[in-house]
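Here is a short briefing on one protein model. Look at the strands, then at a pair of helices.

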Amino acid sequence: MTYKEIQELLMKEMRLYHYPVAVKYFFDQAEVDHFKENAEFHIPLKAMTFCQWEIAARMKGQTVYSDRDGLGCGNAVYAFAWKELDENEIKGHAKYVVNMEQAEKFVKSKPRLPEGLLGIAVAPLGSIDGIFEPDTVHFYCDNMQAYHLAVDYAAATDTHPIRPNITMNSSACAGNVFSYMEQEFNMVPACSGSYNAGKTERGEINVMIPGKKFKKVVQRLCDRIELASSAITKPGDGFPGQDICKNCPLIIFKKEKK
């Protein structure tokens, strides 16, 4: 399947509200050149946060590319190894912790890319065919959509239990970095920054799947659809999250005979 076909499948079968976001970390200038020659993309007019870049991808269907100059979030700059650890980064975590020693320990324990990153692209999944392979696929989704993705990942990759990596902030930026570096599924709540700046809804949660394992998860979904339907909670039903009680004697419908 192409990524465009996969996006159409996921939007229909998972009832997604937003496009899945394909995230690409560019460490190779030749890959950057290929991307710029073949992609229709936007750049940040002003420096902003990584999760704000993703607003364009998931809500507007726009591909965004930026290097260090387009990133105005210190947490993300550190997560992408575009700066070394400094006092400002530690002080920026003061509101979360009991003292500054804990702040430094927590910052140092967050996921971080290796040095040498040239730029990042975030794009709606369906627009990347022939442009790049995703390093991660990031979903902004609800609880039941996240549950379905997690169960399919567990089955497709023989991974159980799944252990996400929750940090006190940097949910979108470091959450994707964790999934890429560890090549593991990640599921994290919105952080204060991604909630406010990234416009995450209160009922939404982040799911990140490493690109190299992503198509296995999609294949698992396709296999389940062939057997019954996309719904794990109620196989056979087309809605992944129907909340009618299984044995409810009242909410039952029958087909009218002509």
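**Strands and a helix pair**

F26 stands opposite G119 in β3. This is a predicted model, where local features need pLDDT of at least 70, side-chain atom pairs count only at pLDDT 80 or more, and totals for chains, interfaces and linings use all residues. Residues are numbered from 1 along each chain as its sequence is written, and side-chain values use heavy atoms, without hydrogens and water. Helices (H or I, at least four residues) and strands (E, at least two) are DSSP runs, numbered from the N terminus.

**Strand pairing**
- Strands pair if DSSP finds at least two bridges between them.
- β1 (residues 21–26) pairs with β3 in the antiparallel sense, over six bridges.
- β2 (residues 64–66) also runs antiparallel to β3, joined by three bridges.
- Y65 stands opposite A121 in β3.

**Burial of β3**
- Six of the six residues of β3 (residues 119–124) are buried, so the strand is largely enclosed by the rest of the structure.
- Buried means under 20% relative accessible area (1.4 Å probe, protein chains only).
- G119, A121 and A123 are buried on one side, and I120, V122 and P124 on the other.

**Helices α1 and α10**
- The axes (lines fitted to C-alpha atoms, for helices over the stretch in contact) of α1 (residues 3–13) and α10 (residues 211–227) come within 12 Å and cross at roughly 50°.
- Angles run from 0 to 180 degrees between N-to-C directions.
- Y3, I6, L9, L10 and E13 in α1 meet F214, K215, V218, L221, C222 and I225 in α10, with contact meaning heavy atoms within 4.5 Å.

Definitions and conventions:
Buried < 20%, exposed > 50% of the residue type's maximum accessible area, 1.4 Å probe, protein only.
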